[in-house]
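User: I would like to learn how to read a few features of a protein model, one at a time. Could you give me the general idea first and then the case at hand?

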Amino acid sequence: AGPRPVPAELTDGNSEHLKREHSLMKPYQGAGSAAMPLWDFQGSTMVTSQYVRLTPDERSREGSIWNRVPCFLKDWELHVHFKIHGAGKKNLHGDGLALWYTQEHLTQGPVFGSKNNFHGLAIFLDTYPNDEATERVFPYISAMVNNGSLTYDHSKDGRWTELAGCSADLRNQNHDTFLAVRYSRGRLTVMTDVEDKNEWKNCIDIAGVQLPTGYFFGASAGTGDLSDNHDIISMKLFQLMVEHPVEDETVDWTKIEPSVSLLKSPKDNVDDPTGNFRSGPLTGWKVFLLLLCALLGIIVCAVVGAVVFQKRQERNKRFY
């Protein structure tokens with residue numbers, strides 16, 4: 001037996017654990033044709049020798065690229081080298097790019113060029129604020145886990161179903177831009193490297209995330225009345241050597257339902273420029289506490305009123 005694996009931090013791109021069957025790198029095999037053995041693409045996607053362009057800087061385009069091989073790793077890290085750029089000036093570009101680890105693949109739809117009500121994980125790189133009332137700064141990166149029951153709401157920039165997020169100045173940069181998605185032992189971490197500092201910056205960190213194995217990695221993008229070039233330069237998947245509890249060996253990881261163990265539902269999320277949860281609609285505990293406070297207030301008022309009334313009665317008796 002070899003040495004016991006130890007928990008790993010964000011990788012430095014160690015090729016030892018690179019999974020080529022789930023990675024897309026230059027030179028792309030079968031560039032410019034549908035002959036890529038490990039990846040399928042559809043819509044407006046164009047494969048060149050330097051990048052995979054999901055959409056050109058043109059209106060009403062949708063494109064995606066998907067790994068043909070389902071991933072059965074329980075712990076993984078995805079590094080994405082991308083570029084979002086175009087001629088549009090401030091707030092005159094869109095709509096954005098999405099990274100997927102889902103049961104469905106090669107299914108076009110309204111969510112950045114892919115399917116709504118999906119099963120799995122999505123990371124959205126949203127470049128245009130559809131909700132004019134939002135206080136968030138765009139481009140904005142957010143995460144969503146779905147078991148097929150939730151719908152992404154473009155008009156609200158998906159904030160009702162968002163788990164967490166952050167702002168990132170990732171568009172029209174003259175340097176390389178990267179994003180890392182790490183999933184290990186129920187913890188989802190998203191990091192960015194978009195400031196040309198060659199270091200990862202924390203964006204999202206969520207515990208209690210359950211994702212099954214056997215899903216597909218992909219990337220998609222869409223444009224509407226506004227547009228951008230959405231380019232994928234590489235997607236590299238690394239296996240993380242992480243020790244799991246013995247009881248995990250009896251779990252059928254392909255049968256797990258995508259979920260997040262939060263104290264409150266994503267549907268309770270309200271607009272928050274930090275990208276994190278804060279109080280939304282009243283929950284059962286909040287209603288209980290409010291009623292308890294109201295009851296205590298009534299009791300205090302009744303006691304005070306009784307004391308005042310008694311003192312007045314005693315004072316009136318002294319005048320007789």
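User: Which residues are linked in a network of salt bridges?

Analyst: The general idea is that side chains of opposite charge can pair when their charged atoms come close. In this model, which is predicted, Asp131, Lys156 and Arg159 are linked in such a network of salt bridges. The structure as a whole holds 13 salt bridges.

User: Where do Asp225 and Arg59 lie, and why can the pair be said to tie parts of the chain together?

Analyst: Begin with the contact itself, a salt bridge in which the side chains of Asp225 and Arg59 meet at 3.4 Å, N to O. Asp225 belongs to the loop between strand 14 (216-222) and strand 15 (229-239), whereas Arg59 belongs to the loop between strand 3 (52-55) and strand 4 (62-67), so the pair ties together parts that are 166 residues apart in sequence. As for accessibility, Asp225 is exposed, with a relative accessible area of 61%, and Arg59 also counts as exposed, at 55%.

User: Are Arg61 and Glu58, by contrast, buried, partly exposed or exposed?

Analyst: Arg61 is partly exposed at 31% relative accessibility, and Glu58 is likewise partly exposed at 37%, because that class covers what falls between the buried limit of 20% and the exposed limit of 50%. The side chains of Arg61 and Glu58 meet in a salt bridge of 2.5 Å, N to O. A further salt bridge joins Lys255 and Asp252 at 3.4 Å, N to O; here Lys255 is exposed, with a relative accessible area of 66%, while Asp252 is partly exposed at 40%.

User: Let us turn to the disulfide. Which residues form a disulfide, and how far apart are their sulfur atoms?

Analyst: Cys166 and Cys203 form it, with their sulfur atoms 2.0 Å apart; the count for the structure comes to 1 disulfide. The pair links distant parts of the chain, since Cys166 sits in strand 9 (residues 164-167) and Cys203 in strand 12 (residues 201-206), 37 residues apart. To read the handedness, look at the angle about the S-S bond, which is -105° and makes the link of Cys166 and Cys203 left-handed.

User: Are Cys166 and Cys203 buried or exposed?

Analyst: Cys166 is buried, with a relative accessible area of 15%, and Cys203 is buried as well, at 10%. Cys71 also counts as buried, at 0% relative accessibility.

User: Which residues make the nonpolar surface patch of about 590 Å²?

Analyst: That patch is made by Leu289, Leu292, Leu295, Leu296, Ile299, Val303 and Val307. Taking one of these residues as an example, Val307 is found in helix 1, which spans residues 284-318, and Val307 is partly exposed, with a relative accessible area of 41%.

User: What do the totals for the chain say about helices, strands and burial?

Analyst: The chain has 1 helix and 16 strands, and of its 320 residues 46% count as buried. The exposed surface comes to about 16,600 Å², of which carbon and sulfur atoms supply 54%.

User: How much of the contacts with a separation of 6 or more comes from residues 24 or more positions apart?

Analyst: Residues 24 or more positions apart account for 70% of those contacts in the chain. The salt bridge of Asp225 and Arg59 and the disulfide of Cys166 and Cys203 can be read alongside that figure, the former pair tying together parts 166 residues apart and the latter linking parts 37 residues apart.

Conventions: Residues numbered from 1 in each chain as written. Predicted model: local features only at pLDDT ≥ 70, side-chain atom pairs only at ≥ 80, totals over all residues. Heavy atoms only, no water. Salt bridge = Lys/Arg side-chain N within 4 Å of Asp/Glu carboxyl O. Buried < 20%, exposed > 50% of the residue type's maximum accessible area, 1.4 Å probe, protein only. Helix = DSSP H or I, 4+ residues; strand = E, 2+ residues; numbered from the N terminus. Patch = residues over 30% accessible without salt bridge, like charges linked within 9 Å, V, L, I, M, F, W, Y side chains within 5 Å. Areas by Shrake-Rupley, 256 points an atom, 1.4 Å probe, with all protein chains shown as cover. Contact = heavy atoms within 4.5 Å. Disulfide = S-S within 2.5 Å.
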